[in-house]
Structure formats: structure tokens, C-alpha cells
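Trainee: Please take one part of this model and go through it closely. I would like the charged side-chain pairs, and what surrounds them.

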Amino acid sequence: MAYADGELSPAERAAFEARLAHEPGLGREVAQHRALAVLARRLAPLEPLDHEWRRLAADPMQRGALGFGWISLGIGVLGLAGLALWRFETNGEISLIERGLVLAVVLGAGALLVTAVRARVRTLPFDPYRNVER
């Protein structure tokens with residue numbers, strides 16, 4: 001099966017192909033494995049994870065939180081960068097606008113973090129590799 005799946009090292013592959021040249025039954029077995037693999041790929045339904053990602057992408061709360069997070073973060077970062085340059089030139093005190101921009105950065109980053117964690121928690125039960133150990 002490892003040969004049919006292309007999982008052998010070059011040395012193992014060469015040794016196996018040498019056996020294939022002398023053992024016709026082995027060649028038939030490889031052909032059967034390849035046919036089963038093709039059949040399995042054609043008949044396999046979508047992974048549950050694919051369905052959950054589509055459902056999550058269509059969720060208005062998820063989309064809204066992502067939009068809010070990116071917009072808030074962008075406004076805050078651009079505003080803070082502009083104010084930092086202006087402060088560098090004038091040596092003034094922190095104003096209400098600067099505090100608001102810092103709040104926008106914190107809220108935007110927080111919304112993005114919560115949205116990412118929410119997506120991971122919702123898709124974790126469908127992850128086929130969740131229980132796989134190395």
C-alpha cells in the first residue's frame with residue numbers, strides 16, 4: 001500500500017519495483033490498491049470540517065466581528081502612528097483622541113483574537129487530526 005500511495009523512499013521504491021518485475025501477483029495487488037484509493041477518493045463525502053467552515057463563514061456574527069476588528073485595528077494603528085509622529089515633533093500630553101485610538105487598537109485586536117478562538121473552538125470537533133499523535 002505504501003508503494004501505491006507513493007510513500008516509499010527512493011531506495012525502497014527501487015527495491016519494490018525490482019520485485020514487481022519478477023512477481024506478477026504483486027503487480028496485480030498494487031493495481032487493486034490503486035483502484036481502491038481512486039474509488040475511495042471519488043466516493044468520499046466532504047469532511048464535516050468543510051461544512052462547518054462554510055457555515056462559520058456565512059455567520060453574520062463572525063463576519064461582523066472580523067470586520068469590526070480589522071477596521072478598529074486599522075484606524076487605531078494608523079491614528080497612533082500619525083499621533084506618534086506629531087507627538088515626536090511637539091512633545092505634548094496624551095489627549096482624549098489618543099486614548100480613544102489606543103482603545104480602538106485594543107478592541108480591534110481583542111475582537112480578532114476572540115473571533116479566531118471562536119472559529120477554532122467551533123471547528124475543533126470536526127478536526128480529523130485532533131487525536132493524532134506523532
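**Salt bridges and their surroundings**

Mentor: R13 forms a salt bridge with E17, and their closest N and O atoms lie 3.3 Å apart. A salt bridge here is a side-chain nitrogen of Lys or Arg within 4 Å of a carboxyl oxygen of Asp or Glu. Side chains of opposite charge can pair when their charged atoms come close.

A word on the basis. This is a predicted model, where local features need pLDDT of at least 70, side-chain atom pairs count only at pLDDT 80 or more, and totals for chains, interfaces and linings use all residues. Residues are numbered from 1 along each chain as its sequence is written, and side-chain values use heavy atoms, with hydrogens and water left out.

Back to the pair. R13 and E17 sit four residues apart in helix α1 (residues 10–22), so about one helical turn separates them. Helices (H or I, at least four residues) are DSSP runs, numbered from the N terminus. R13 is partly exposed, at 34% relative accessible area. E17 is partly exposed too, at 33%. The scale is this: buried means under 20% relative accessible area, exposed over 50%, partly exposed in between (1.4 Å probe, protein chains only).

By the salt-bridge rule the count is four. R19 and E23 make one of them, at 3.2 Å from N to O. R19 is partly exposed at 42%. E23 is partly exposed at 32%.

Now R118 and D59. Their side chains meet in a salt bridge at 2.8 Å, N to O. This pair links distant parts of the chain: R118 lies in helix α5 (residues 96–123), D59 in the loop between α3 (48–58) and α4 (60–90), and 59 residues separate them. R118 is partly exposed at 23%. D59 is buried at 15%. R122 joins in as well: D59, R118 and R122 are linked in a network of salt bridges.

Next, the helix that carries R118. The expected span of a helix is 1.5 Å times one less than its number of residues. The 28 residues of α5 should therefore span 40 Å, and the end C-alpha atoms are 40 Å apart, which agrees. Buried residues of α5 include L101, A104, V105, G108, A111 and L112.

Which residues does S72 contact, leaving aside its neighbours within four places in sequence? S72 belongs to helix α4 and is buried, at 10% relative accessibility. Its contacts (heavy atoms within 4.5 Å) are A104, V105 and G108.

Terms used. Helix = DSSP H or I, 4+ residues; strand = E, 2+ residues; numbered from the N terminus.
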